[in-house]
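Trainee: Please let me examine this model with you, and let us keep to what can be computed from its atoms.

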Amino acid sequence: MKIFKYIVTEKDPKRLGLFLSKKKLSKQVIVNAKHNGGMLLVNHRRRFTNFMLKNGDEVLFVMGKEKVNEFLKPSNKPIEIVLETDNYLVINKPANVLSIPSRYEDGDAVVNRVMGYFSKKKSSEQAFLKPHIVTRLDRDTSGLVLVGKNAVAHSKFSELKKDVFVKEYHAIVHSNFNPEEQAGLIDAPIGKIDDSVKRYVIPNGQKFLTQYEVLAQKEGASLVKLRLFTGRTHQIRVHMAHIGHPLFGDKLYGIDDNFARQALNCSHLSFPDPFTNEEKIVEVSDPQDMTDLWRNL
């Protein structure tokens, strides 16, 4: 059984419901807990959310068992865990794997693999673990994905401002940059003009910001580091194509160059741990297919 413990201080709100909301527990998380075997305890006695607290009280939020979609099946395919705490994981997602299952592919997304990992745990807490994707990547983008282990973790991460999550990518793109273009900020609005999945830079699109820095160049190709200040579908792919440097393997926004997927890897992820306030920094190397591509260019 998952238990979260808090001590009431002078600066804390004194109504129990508001106190828990300030601890980044959403109303939905509290309601779900109450209906699924969870409890709210103050000094080891059950209380309702309108109970008035006093300084020094011990508050225990006992999370019930989360309902899991009965149609979601665990996958026993391998999963690379880069960082694990009691409440979340950071996964190094391979290319060609969805972050969350789709209507048509529901058997081998990151969620399914994490479910498989949880099912192998030999502890009583296993029944209270349920994956919640916090940061996701496109199927063909590899790299770091943050996954909450329970609804409390998901609630706490959801309450954080989006700009506290720093995601940096490595990409291999076509053609070379001029000396005066080795770094820059792409500020170009993106939107859709039809019902296809493709996005375009258009005057009335949403505001998108992408920062880039050239790390290395070979004839006809560049290795680029990118940081998103907004995180929306296909942002890097659209912006790099817009400035004349489409990603290798990106047939939708570039050319067919025989690389199997867009050469894009989320290599850096940093964020504040909402349980400890510690800044977490996680980094991974680029996968073998990208290092082979760069070496063979």
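Predicted model: local features only at pLDDT ≥ 70, side-chain atom pairs only at ≥ 80, totals over all residues.

Mentor: Residues are numbered from 1 along each chain as its sequence is written, and side-chain values use heavy atoms, with hydrogens and water left out.

Trainee: In what order do the 4 strands of the open sheet lie?

Mentor: Strands are DSSP runs of E of at least two residues and helices are runs of H or I of at least four, numbered from the N terminus; two strands pair if DSSP finds at least two bridges between them. The pairing in this sheet is antiparallel, and the order is β1-β4-β2-β3. The edge strands, each pairing on one side only, are β1 (2-7) and β3 (45-46).

Trainee: Which residue of β4 is the bridge partner of Phe4?

Mentor: β1 and β4 (residues 58-63) pair in the antiparallel sense over 6 bridges. In β4, the partner of Phe4 is Phe61.

Trainee: What angle does the direction of helix α2 make with that of β4?

Mentor: Axes are lines fitted to C-alpha atoms, for helices over the stretch in contact (heavy atoms within 4.5 Å), and angles run from 0 to 180 degrees between N-to-C directions. Helix α2 (residues 27-35) packs on the sheet and touches β2 (39-42) and β4; its angle with β4 is about 70°.

Trainee: How many residues apart in sequence are the parts tied together by Lys77 and Asp108?

Mentor: A salt bridge is a side-chain nitrogen of Lys or Arg within 4 Å of a carboxyl oxygen of Asp or Glu, and the side chains of Lys77 and Asp108 meet in one at 3.6 Å, N to O. Lys77 lies in the loop between β4 and β5 (81-84), and Asp108 in the loop between β6 (88-93) and α3 (110-119), so the parts they tie together are 31 residues apart.

Trainee: Is Lys149 buried or exposed?

Mentor: Buried means under 20% relative accessible area, exposed over 50%, and partly exposed in between (1.4 Å probe, protein chains only). Glu84, the salt-bridge partner of Lys149 at 2.7 Å, N to O, is partly exposed at 33%. Lys149, with 5% relative accessibility, is buried.

Trainee: Which residues lie closest to the centre of the largest pocket?

Mentor: On a 1 Å grid over the protein atoms alone, a pocket is an open set of points where a 1.4 Å probe fits, with protein on both sides within 12 Å along at least five of seven lines, and lining residues have an atom within 4 Å of a point. About 980 Å³ of space lies in the largest pocket, where a volume is the space filled by probe spheres set on the points, which are joined across faces, edges and corners. Of the 32 lining residues, the closest to the centre are Arg136, Lys167, Tyr169, Gly231 and Arg232.

Trainee: Where is Ser175 found?

Mentor: Most residues other than glycine have a negative phi. Ser175, however, has a positive phi near 70°, and Ser175 is partly exposed at 27% relative accessibility. Its place is the loop between β9 and β10 (183-187).
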